[in-house]
Amino acid sequence: MESVGRKQVGIPQSEEEPPRLAGTTPDAAMGDSAQEQGLLLAAAYVYDAQYNRNIPFDTSSQAVRLYYLYNHWTMQAATYFFIFVDLALALFEEPAVYPLPFLVTSLIEVLCLLVFFGRLFHFAQVTPRNVFWKDTKNICIMITILMTLVDLIIYGALRISSIRGVRWSRPMRPIFLINFAESRQIRRTFRSIRNTLPEITYVFLLFMFSVLMFSLMALKLFGDRNLKTVEGLPYFSNFLEIVFDMYVLVTTANSPDVMMPAYDFSWWYCLFFIVYVIINTYIFMSVFLAVVYNNYRKHLKNEIRTLAYMKRRKMIEAFNLLKVKEEAEFVVQEDRWKRLVKLVAPDISTSHRELLLRISDEEQKGYVDKKSFVRLADLLNIQVVTVKLHSHPLDIWFPHVYNSAPSLFLRSMVRHKGFVWMYDVIILINAVFIALDEENPFISYAEWVFLCLYIVEILLKLYTYEPRTFFARNQFWNWFDTSIIMAALTATVLNSTLKTVTVYNSQQILDIVFILRVLRLIRIIDSIQRFRVIMNILINIVPTMLTFGGLALVVYYMFSIVGMEIFRGKVQFFAGNSTAQHALYCGNPALKDTMFARARYCKNNFNDIASSFIVLMELTVVNQWHVLASGFALVTHEAAKLYFIAFHIVVVIMIINIFVAFILEAFFVEYSLEKSEVETAIEKKIQDLGVGIQEDELLDGQLIDNMETSENVLESEEETAAKKKPKGLMFKIASKRYRTVDALLQRMFEAEIPPEEEGPSLEQILNFSPDDTYLKNPTFDSAA
């Protein structure tokens, strides 16, 4: 956690785009008074608390304005764009997928470095100098920029002199992705790995001791028996090779091949391998997962605890800037509260803002007390969907026909659950026909029948439900169904037309038709409640899984660059019809008659960044990874196996286990947490005002009156109830309430913090020990 002085703001990184206004320069008049400056600073505190950022910044007028600009989404997007441009240069540098001259790639890299330096300089203008120079990530960025420039100069000079050089700075490029302030989540994952390393190290040393002991036993048991492998090589006669084979056996990649020579000699020897697998594969690998999961969960919760306290502290700081004395307590006046919310969240509607005010000022006293103000960040984080009500066009154009008895009966039939069940059965029957022979004319005609049934379903739903509501932004399955059916209809008609008019038969169009037919079956997921629950959980945690995508990109990129420098050109790929002399052994005589060559693994090479990534993905899957390792060891040196073992330890044992721990925690949290107090308060107020709407009501048309007058202010409940025809805006809580597991965990921990507790000061928060246990009944002094 970055340290922050008393006059800075520290907060967690944004998980979604910041408000648009956050990057704009406020009106000049806003800086003319200390009161307006306080409002701007309070907005920065609330804005940071809302998005869980921990960026330290000065509280001076100029620094606050620069801070808003620093966090504007365009600035963040530009930073990430140039980071990925810098990483993508590996596609165009030697060894290249798409070669470009060195001058071009070097100029692009220099441009990226200038952007990174500019971003760092901007950060230095926002952050206090003593904090900036103590921040290790800033030092890492500066050193990386300097070393990259030195490497470019040296490498360019060597090229001019026709001397082959090595771009040793390229593996350092992911440092920019890790260390910029926007990448807090990736840094947190690396911290989790770092904090977990001590416990993993002890288990790993014990595990390696077990492997070495069993390897030594294998040498004594089988080394002097003159056994041979399938390839005719001595069996278990070299200790280092035995260690490698036994390590591979832990991953099960060479089972049962490694056991067969001993098993053929005597069936008793199979007991040796069975005991080894039980101890090292099942026990030790399970212990690895348990240790990683336990430590990851502990350190993640400690960090989330810190963020929970910090968010509370930031909201209190904002309150202190805006508070005025009202009778016996300090409060924030309504007009100041509205201006604050408009600064922090300019995109929400007036009605939404008034709804939040009604929740914060329950008794409509004209001010917001401290307890209600502190939960403003949570109120802004709850996704309240605004639904604009419309009458069905047919109800406007042909009211008598649309509201006739046959029309009402048809619409009630479409709304009935039996209509959904009927089409579920049709989908299942369609699945059977998809699996049958496409060449059968009966099957071909049946496809048209199913397409017609699906089109009729869509038309009936559009007749029953108002089209703009049916195709609202949050109606994913309606969009999905319609898109799939329309695309399938277009592709099928196009394919039939081409076959009829000409002898041309497009395999690409046929492939699209087949895929679209299969995709139709996905609709069944939405019909089964438990499927929907699981899918919603997966959708909820997907954005956070991007953190592990970034982590995987960093590790893969570093190993790919190193792998290219070690192995490039050692293995060559030849097309199947090639008559080249070395085609059968991948262009390298060292691979002649090896498993690597016989398995046709020639395309698995490190000759460019794309091929390297594919090889690393194959190594991650583990199966046959020992064949790849042995092949590259044959064309270089036996020590090359250490590269593959290191990748297995880092990715498979550590990162994959942390990923599994993350998925487990995500599912536990999603299943265990009920609605938060803030969500409940919003839902209650929505229903009290008579502007609530449920998902089924949205489609059934059972809509309640709106909450806006022509002046865009809330009506009283009596006025709302007096209306007879639905119109205007309705509100509901979105089903996808939180986008990150961190946010879910933070919500859970915050529930344990008493509302009246201000918590520790910023200095105390930032000095929390990573080993602290969460909430040991803390007795911090309340800050002023």
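**Close-up views of a predicted model**

View 1. Where pLDDT is low, predicted coordinates should not be read in detail. This is a predicted model, and the protein averages a pLDDT of 78. A score of at least 70 is reached by 76% of the residues. Among the elements, helix α4 (residues 102-126) has the highest mean pLDDT, 95. Helix α32 (residues 717-722) has the lowest, 38.

**View 2. An open sheet of three strands.** The strand order is β1-β2-β3, and the pairing is antiparallel. β1 (324-326) and β3 (367-369) are the edge strands, each pairing on one side only. Neighbouring strands of this sheet are turned by 55 degrees against each other on average, direction ignored. Strand β2 (residues 329-333) pairs with β3 over three bridges, in the antiparallel sense. Valine 332 has valine 368 in β3 as its bridge partner. Strands of a sheet pair through backbone hydrogen bonds.

**View 3. Helix α11 across the sheet.** Helix α11 (residues 270-322) lies across β1, β2 and β3. Relative to β2, α11 runs at about 85 degrees.

**View 4. The loop between β1 and β2.** Glutamate 327 sits in this loop. Its phi is near 60 degrees, a positive value in a residue other than glycine.

**View 5. The second largest pocket.** The space in this pocket is about 1100 Å³. Its lining has 31 residues; Thr229, Glu231, Leu233, Asp245 and Ser630 lie nearest the centre. Two or more lining residues come from each of α9 (239-250), α10 (260-265), α26 (595-598) and α28 (625-635). Helix α28 gives the largest share, five residues. By type, the lining of the second largest pocket divides into 13 nonpolar, nine polar and nine charged residues.

View 6. Glutamate 94 and proline 95 are joined by a cis peptide bond, with omega about -10 degrees. Proline 95 belongs to the loop between α3 (73-88) and α4. The bond from serine 255 to proline 256 is also cis, and its omega is near 0 degrees. Proline 256 lies in the loop between α9 and α10. Both of those helices give two or more residues to the lining of the second largest pocket.

Conventions:
Residues numbered from 1 in each chain as written. Predicted model: local features only at pLDDT ≥ 70, side-chain atom pairs only at ≥ 80, totals over all residues. Heavy atoms only, no water. Pairing = 2+ DSSP bridges. Helix = DSSP H or I, 4+ residues; strand = E, 2+ residues; numbered from the N terminus. Axes fitted to C-alpha atoms, helices over the stretch in contact; angles between N-to-C directions. Contact = heavy atoms within 4.5 Å. 1 Å grid on protein atoms, 1.4 Å probe; cavity = no way out; pocket = protein on both sides within 12 Å on 5 of 7 lines; lining within 4 Å. Points joined across faces, edges and corners; volume = space filled by probe spheres on them. Nonpolar A, V, L, I, M, F, W, Y, C, P; charged D, E, K, R; others polar. pLDDT = per-residue confidence, 0-100.
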